[in-house]
Amino acid sequence: MTTPVTGGFATGEDRVLVVDFGAQYAQLIARRLREANVYSEIVPHTVTAAEVAALGPIGIVLSGGPKSVRVEGAPKLAPGIFELGVPVLGICYGAQLLAEQLGGRVAPTERAEYGRTVLELAGEGLLGAGMPATQTVWMSHFDAIAEVPEGFEVTARTATCPVAAFEHRGRGLYGVQFHPEVAHTELGQRYLERFLFEACGASGSWTTSSIIDASVAAIATQVGDGRAICALSGGVDSAVAATLVQRAIGPRLTCVFVDTGLMRQGEPAQVEDTFHRHLGMELVHVRAADRFFDRLAGVLDPEEKRKAMGELFIRIFEEAKGGLSDARFLVQGTLYPDVIESGTATAAKIKSHHNVGGLPEDLDFDLVEPLRSLFKDEVRQLGSELGLPDEIVWRQPFPGPGLAVRIIGEVTRERADLLRRADAIVREEIHLAGLDREIWQSFAVLADIRSVGVMGDERTYGHPVIIRAVTSEDAMTADWARLPYDLVDRMVSRIIGEVPGINRVVYDVTSKPPGTIEWE
C-alpha cells in the first residue's frame with residue numbers, strides 16, 4: 001500500500017506549520033490560518049529542524065499546551081528551529097516556551113488569568129500595529145513570562161501579566177500570552193493575519209479553486225492511466241472525493257455504494273438516484289445487509305464494531321474489483337478529523353474511524369484520499385465550488401458504520417429497524433423547524449437497557465431512545481444544541497406514539513469535550 005494522496009496543498013503554495021504541544025486548540029489554530037487563505041498543517045512537537053526545513057514553511061506557530069514549561073519532562077522545541085530564519089509565533093505555552101528556550105524566564109503568577117481580560121498595547125509592535133490601545137482577549141494560564149530574552153521588546157500587558165505580548169522583529173520571533181485563535185479574543189484573527197502577511201509575507205492564495213487544481217493534479221499523477229474504485233456513502237465527503245477523482249481520470253472511476261442495512265431511512269434509494277441518475281457517475285450498488293448483520297452478531301465493543309465493519313467494507317470493495325481487473329486504487333472521503341481522532345503522533349486515539357484505524361493490514365489497494373488534510377467546512381466549500389447539489393453539500397455527517405455505532409450493545413436487524421424509525425422522526429422534525437443549517441448533527445441513539453413505563457393504563461417495559469443534537473464547525477469540538485422545548489416535545493410524542501417498543505426518550509446535553517458527538 002502506498003502513501004495516500006492528500007489534497008489541499010500544491011508545490012508553490014505557502015505553508016505554515018502549527019506545532020502541537022497537546023493543546024485543545026491546535027486544530028482551531030490551523031483552521032483560523034486557513035480562513036486567511038493560507039495553508040496550514042499540524043506537526044508534532046518532536047519535529048526536528050531538518051524535518052521543518054524539508055517542509056519549507058513560510059511560518060511556524062507554536063500552540064498552547066496543558067503543561068508548565070517549568071516542570072520536568074515538559075515538551076520542548078528543537079532549538080535549531082529558531083535558527084532556520086523562519087518567522088515563529090508562540091501562543092500561550094508556545095510563547096512561554098519561546099521565551100524560556102531563548103534565555104528569558106517563566107514564573108508562576110500571583111493570580112492566574114482565565115477568561116476575558118483587558119489587554120493594553122505597549123510599544124510599536126508589529127502584530128498589534130494599528131489596533132486599539134486597549135482590547136479584550138482570552139487568557140488561560142497560571143504561569144507568565146517574568147523576563148523576556150535579550151533583544152526582545154514587550155509589546156502588550158494586562159493588569160496581572162507584565163508580558164502579554166513580546167517580539168524580536170529582526171529575528172522574526174513573536175509571542176502572545178493570550179489566545180488569538182478563539183472567538184472571545186475580539187481582534188484575534190487580525191493578530192494572526194498580521195503574523196501571516198506582515199511577518200511571513202504570505203500571499204493568501206490558498207483558495208477552493210487552488211485546492212481543486214492541486215488535488216486533481218495530484219490524483220492524476222498518482223493514478224496515472226489506472227482505474228479506481230470510490231467507496232461512496234452518499235455523504236458530502238465521498239461525493240467530493242469522487243468528483244475530484246472523476247475530474248482527474250474521467251470514466252476510469254467506478255463508484256461502489258455498499259448498502260449495509262444500517263443506513264438511515266430512505267438513503268439507499270436516494271444515493272442511487274442522486275449519483276447515478278443525476279450526476280451520471282458509474283455506480284455499483286452492493287446489497288450486503290445480511291453479511292453485515294452476520295458479522296456484527298455478538299459484537300458489543302464499539303472499537304470492534306468499527307474494525308469489523310471496516311474490514312468487511314474492504315473485502316466487498318476487493319470483490320467489486322474483480323470485474324475491474326486493473327482497479328488497484330481505492331478512493332475514500334477521509335477527513336483530517338478522522339485522522340486525528342484515530343490517533344496520530346500528537347493525538348491520542350479517541351476512536352478508530354472505520355476508514356482509518358479500521359482498515360485491515362492486508363489491504364489490497366493503494367489509497368487515494370484527496371480530502372485527508374481538510375476539515376468538514378472546507379469540504380463543503382469544495383462541494384459548492386464543484387457544483388454539487390445542496391442536498392449533498394449540506395447533508396449531515398453520518399458515520400461510515402452507520403446505525404451500528406448508534407446502537408449501544410449488539411446490532412441486530414430488529415434493533416436497527418427500531419432505531420431507524422426513531423431517527424427519521426428526529427431528522428424530520430429538525431427539518432420542519434428550519435434548523436438543518438444550524439444543527440451540525442441530529443440523530444437518535446438506542447440504549448442497551450430497558451425502562452418501565454405506563455402506556456394506555458398498562459405497564460410497559462420498553463427501550464429508551466436518546467436524542468442527540470449538536471452545533472459545531474468542524475466536529476473537533478461541539479456544543480449540545482439548545483433546541484426549543486416545543487420541538488423536543490414533538491419529537492418525544494411522535495417517537496413514543498409511532499415507534500412500538502419505545503417508551504422513554506431522553507435528551508443528551510453533553511458537549512465535546514468531555515463527550516464525543518457519537519455515542520460509540
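Visitor: Where is Asn37 found?

Guide: Asn37 sits in the loop between helix H1 (26–35) and strand S3 (39–44). Helices here are DSSP runs of H or I with at least four residues, strands are runs of E with at least two, and both are numbered from the N terminus. By the way, this is a predicted model, where local features need pLDDT of at least 70, side-chain atom pairs count only at pLDDT 80 or more, and totals for chains, interfaces and linings use all residues. Residues are numbered from 1 along each chain as its sequence is written, and side-chain values use heavy atoms, with hydrogens and water left out.

Visitor: Why is Asn37 called partly exposed?

Guide: Buried means under 20% relative accessible area, exposed means over 50%, and partly exposed is in between (1.4 Å probe, protein chains only). Asn37 has 34% relative accessibility, so it counts as partly exposed.

Visitor: What is the phi of Asn37?

Guide: It's positive, about 65°, although Asn37 is not a glycine. Most residues other than glycine have a negative phi. Cys92 has a positive phi too, about 55°, and is not a glycine either. Cys92 lies in the loop between strand S5 (88–91) and helix H3 (93–101).

Visitor: Is Cys92 buried or exposed, and how do you know?

Guide: Its relative accessible area is 5%, so Cys92 is buried.

Visitor: How many aromatic pairs does the structure hold?

Guide: Nine. Rings of Phe, Tyr and Trp (its six-membered ring) pair if their centres lie within 6.5 Å; planes under 30 degrees apart count as stacked, over 60 as edge-to-face and the rest as tilted.

Visitor: What makes Phe21 and Tyr93 a pair, and why is it called tilted?

Guide: Their ring centres are 5.4 Å apart, so they pair, and with the planes at 45° the pair is tilted. Phe21 is in the loop between strand S2 (15–20) and H1, Tyr93 is in helix H3, and the two are 72 residues apart. Phe21 has 4% relative accessibility, so it counts as buried, and so does Tyr93, at 2%.

Visitor: And what makes the pair of Tyr336 and Phe375 edge-to-face?

Guide: The angle between the planes is 65°, with 5.5 Å centre to centre. Tyr336 lies in helix H10 and Phe375 in the loop between strand S15 (366–369) and helix H11 (376–385), so the pair ties together parts that are 39 residues apart in sequence.

Visitor: How do you know that Phe375 is buried?

Guide: Phe375 has 0% relative accessibility, so it counts as buried.
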